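Consider how charged side chains pair in the model shown here. The paragraphs below go through individual pairs and their surroundings.

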Amino acid sequence: MEHDLVIQDAEGYAASDLGIAQQTENASFIGDKIHRVTTIGDVVRAINYAEGNNGLVRASLTSNGIRIQDLSGGGPESLTIEALGDTSTSLASFDLGIEGVFGGMNPEAVSRDLMAGLNTVLLSSLNGGAGLETGVISIKTRDGNGPVEVDLTGAQTVQDLVSIINNTVDGVSASVNSVGTGIEINDTTGGSDGSLVISDVSGTLAADLGIKGVADGKSVSGSNLQLQYVSQLTQLEDLNGGRGIRTGKIQFQTSTAEIFSVEIDEGDKTVGDVIDAINEAGSSYGVTASINETGDGIVINDASGGEGSLTVSDVGAGLAATDLRIAGEAAVGKTSIDGSYEIRINVDAGDTLQDVAQKIEEASPDLKASVLNDGASGSPYRLSLTSGITGSRGELLFDAGSTGLGMNTLVAAQDAVVLIGGVGGSSPIVASSSSNSLTGVVPGVDIDLVGVSDEPVSLTIGQDIEQVVGDLESFVSAYNDVIGRIDDFTAFDEETSERGPLLGDSTVITLESRLSRMILKRFDHAQAGTQTLASIGITFSNGGQLTFDETTFREKYAENPQAVEQLFTAEDVGVAAVFDEILDGLTDDQNGLLSRRNKTIGNQVDDLNDRITSLDEQLEYKRATLELQYANLESVISGLQSQQNALTELAALAAG
């Protein structure tokens, strides 16, 4: 009898990730390619080693992108780069900026900047990831000069925009605004005859930057350019200030009241994984998910056309929808829920600074807002905002909108940075952390950073024998406390014949036996001479109590610290692992010895309570019976007394 070959994931996602999770009638098959392209370097390697390339095309890195060179030597032909498959979803060549036809004697394609450089961002990352189209703008200064045309068509980064404007127009200073969300243009001419006027000559760049128009004063601050920081490749663990996303089931109810759910589990690693899961489940319900227009979260759209409201909620104990900020109900008249991570505060005309501070704190648990009084005359009150997230992840960008609030950064968000290397080293290793603690830099060592130093700080790592001795003393003391309590509850006083409540209890006897065997156990995995606890100074004394010979332990540790460490820490077979296993067998909530005994005692108590209830019922029945018999007896006696009285009267009449 023939059977199909079936491979499936029993636990985890290994088979699926390897592309071998399938059922086939064949005796063998080849799994999917598992090469992952996640970096620019991966792109270069994928092109250079693509099947059929054979050195005809070479990809290499430029300072901020990649270059594709035609090395075929075929003459002045064109190099064509285009998307394969569905051009609506195959966007790699377009996103890399290398799609098209490139001519010349030795044709080559050079991508646009794929990396912005230090302290700036790509224009393609603005407008929620939709980017900004460059063009030509004109600037007229307040002293009447101009207008001067500024050609920004070659700009690829925000710094390019700033530099070109500053190098083209005299008396104008361009910079990133103090909030860090847009461009600011300042007129430094000192003139007062005219106005600072900015307009578009070609394209809509000035309007898109929010600097188009006639300035009221000597400067104009552009609009929020909405830098995209959430994409389909964003890791879920990086969201929420590095806290990540908690797993769970998300329920969607469409405007037509249809319901479906999506499970977000440990296999979902990126925002794209979540979007794909929602789109797959919601395709037949008219519900789709995508990155929102501002590039800072997921947006859920409902195209089902019902009269109700789109509702998203967490199911059970899961909190995935809450952490993705899509939990809730679509606003009246809206067919979508925007899970933007931007915090928006509505400030009313009558709100005080304290009201604003309260609204900010209520809007986010990661913000601390307060009102300060600096004692200045006139306007002494100031709004203070503090991020609850440490390091560069806690950076705050505050856009005051039309409220008129001006904010200055007092303490910039930054990670703790340490240079690791010898004095005078030319190539130190840079280690950083979002907290004042470094974990994992040195295996098994946590390094706390307690201050700033311009001078080298030496870090010495050694064995802390005193800590080990203290831990063993604590272990022996805890063990003896348990044995002491057992002795108290199982004692027998020969003079008074008073028995302890657990004297002779089989569970206590088993418990004590297992504990003693645990101490006497021989650990064969350990090196000769350190295979028992007695060999390192832990032995029994009178009454089952333990003693710890510190001198013996120190001598054994000094002689061979690795052997002592192996005795305790060997995986599955070391003292720690064996003790955990034995203690779990005693204390496990479901199947532990003590748990089972508690259940047995509980059942016995229940049986006794049932027996008491039954006896009470029997006694009540007996009481009722006796009361009835007593009542009947009283009735009979009363009748007899009546008869006796009658007979007495008859006897008296007869005698008379």
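Asp42 and Arg45 both belong to helix H2 (residues 40-48), where they sit three residues apart, about one turn of the helix. Helices here are DSSP runs of H or I with at least four residues, numbered from the N terminus. The two residues form a salt bridge, with 2.6 Å between the closest N and O atoms. The term salt bridge means a side-chain nitrogen of Lys or Arg within 4 Å of a carboxyl oxygen of Asp or Glu. Asp42 is buried at a relative accessible area of 10%, whereas Arg45 is partly exposed at 42%. Buried stands for under 20% relative accessible area, exposed for over 50%, and partly exposed for values in between (1.4 Å probe, protein chains only).

This is a predicted model, in which local features need pLDDT of at least 70 and side-chain atom pairs count only at pLDDT 80 or more, while totals for chains, interfaces and linings use all residues. Residues are numbered from 1 along each chain as its sequence is written, and side-chain values use heavy atoms, leaving out hydrogens and water.

A helical pair also occurs in H11 (residues 550-559), where Glu550 and Arg554 lie four residues apart, about one turn of the helix. Their salt bridge has its closest N and O atoms 2.8 Å apart. Glu550 is partly exposed, at 29% relative accessibility, and Arg554 is partly exposed, at 27%. Elsewhere, salt bridges with shared partners join Asp348, Asp351 and Lys359 into one network.

Arg382 forms a salt bridge with Asp374, the closest N and O atoms being 2.6 Å apart. In total, the structure has 15 salt bridges.

Technical notes: Helices (H or I, at least four residues) and strands (E, at least two) are DSSP runs, numbered from the N terminus.
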